[in-house]
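Dear colleague,

Please find the structure for our discussion below. My notes on it follow, arranged by topic.

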Amino acid sequence: MMTQKIMTIFGTRPEAIKMAPIIKALEKDTRFESCVVVTAQHREMLDQVLETFALKPDFDLNIMTPNQKLATITSRSIALLDEVFDQVNPDMVLVHGDTTTTFAAALTAFYHQVPVGHVEAGLRTYDKYSPFPEEMNRQMTDALADLYFAPTALSRDNLLKAHHDPSQIYVTGNSAIDALAYTIAPDFSHVALKNPETKKILITMHRRENLGQNMIQVFQAMNHILDKHADIELIFPMHKNPKIRALIHTHLKPSHRLHLIEPLDVFEFHNLAKRSDLILTDSGGIQEEAPALGVPVLVLRASTEGPEGVGAGTLKLVGTAEVDVVRAVDELLTDSVAYEKMATARNPYGDGKTSNRIVSIIARYFGLTTDILPEFRDKSDDKERELE
């Protein structure tokens, strides 16, 4: 039987984390030949993930430049990927989520008439500028895709509303949960965790739409919270963006209970998150990971493409207004019932078996098996696929 050549393309840290377990599953399956391509849209943070998961790209396009613009990322990715497609001639391309690399790879695959599998398909805010540019990247990628691996039933419903082929939409869960099996360790330690008497609040901010006044308001809220609660410590892995760092150093008051640290690799971050009491973030990926770790998350955004976590109670959308952030943090620090309700809420994002599901679905797409996965069923005459 001929093997099918599956090219996986990604360029950023979050993509790499979620694609790594899928690549591992492909590498174990003799029906497939795995080819890994990275654009390195984000260089240093991507390299940390590649090292953690022992991934060696077959092609590294290394497109990152200082102060790069979205148009530059897009045009350079397409031009270089075009050459890789000519050389490899893949049978299918897998892309993830909503980055500029994702859209550029899907478009290049379309130009070469190669089918596209979209991992984490169907997420929506329906606001094309929030998150920017991610919302339109994922919508345009879905328009180009042939197989849709939706993480939740809501994502599937979004795809159906957009009239994508129901027979090619599968609810698989989120591969971010799979990745935790490779990273969580029982004996992790970090200098920011050395005082067992304090509660630990982990914060991350990096979204373009939050750059400026939104971040300033959150940082002012953090100052207020540190002043009000003597039993907490704030841990802030700072994004590499110099504009973000300038705001941090200008608007966050120095404190021995404020830990401004360099970006963590995925192993360190997952383990630090698991040992945190509360997470504040504008990251989409962390919204998906934290529910599996039993840590409440306050989302520092006006909208989220993952409302399932809000509906399940593991996440709370608080925005960036200083008064709202302070109020939300105060509640979880002082109300044990409210805290426990969030910490023990059902994880809506998966069971750690997403990668194997995706590989099995790809095998069926190519006719390598005729078996439908036991956890899928025909929901109706339109053959929607849904997790039992």
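Please bear in mind that this is a predicted model. Let me begin with an open sheet of 6 strands, whose order is E10-E9-E8-E11-E12-E13 and whose pairing is parallel. Strand E10 (258–261) and strand E13 (315–317) form its edges, as each pairs on one side only. On average, neighbouring strands of this sheet are turned by 20 degrees against each other, direction ignored. Helix H10 (residues 266–274) lies across E8, E9 and E11, at about 135 degrees to E8.

Next, the nonpolar cores. The largest one has 35 residues, and Phe219, Met222, Leu280, Val325 and Val329 have the most contacts inside it. Several elements supply at least two residues each, including strand E8 (199–204), strand E9 (232–237), strand E11 (278–281) and helix H13 (322–334). Helix H8 provides the largest share, 8 residues. Another core, of 33 residues, lies apart from this one and includes Ile22, Phe32, Val36 and Val266. To return to Leu280: leaving aside neighbours within four places in sequence, its contacts include Ile201, Ile203, Met222, Leu298, Val325 and Val329.

Where do the side chains of a strand point? In a regular strand they alternate between the two faces of the sheet. In E6 (residues 147–150), Leu147 and Phe149 lie on one side, Tyr148 and Ala150 lie on the other, and all four are buried, so both faces are covered. E6 pairs in the parallel sense with strand E5 (residues 116–119) over 3 bridges, with Val119 opposite Phe149. E6 also pairs with strand E7 (residues 169–171), again in the parallel sense and over 3 bridges, and there Phe149 stands opposite Tyr170. Another right-handed β-α-β unit is made by E5, helix H5 (residues 134–144) and E6.

Finally, how do helix H1 and helix H7 cross? The axes of H1 (residues 13–28) and H7 (residues 175–183) come within 8 Å and cross at roughly 75 degrees. This angle falls in the range from 65 to 115 degrees, and the two helices are therefore roughly perpendicular to each other. Residues making the contact include Ile17, Pro21 and Ile22 of H1, together with Ala176, Ala179 and Tyr182 of H7.

Yours sincerely

Terms used: Residues are numbered from 1 along each chain as its sequence is written. This is a predicted model: local features need pLDDT of at least 70, side-chain atom pairs count only at pLDDT 80 or more; totals for chains, interfaces and linings use all residues. Side-chain values use heavy atoms; hydrogens and water are left out. A nonpolar core is a set of buried Ala, Val, Leu, Ile, Met, Phe, Trp, Tyr and Cys residues joined through side-chain atoms within 4.5 Å. Buried means under 20% relative accessible area, exposed over 50%, partly exposed in between (1.4 Å probe, protein chains only). Contact means heavy atoms within 4.5 Å. Two strands pair if DSSP finds at least two bridges between them. A crossover is right-handed if, with the strands pointing away from the viewer, the path from the first strand over the helix to the second runs clockwise. Axes are lines fitted to C-alpha atoms, for helices over the stretch in contact, and angles run from 0 to 180 degrees between N-to-C directions. Angles under 35 degrees count as roughly parallel, over 145 as roughly antiparallel, 65 to 115 as roughly perpendicular and the rest as oblique.
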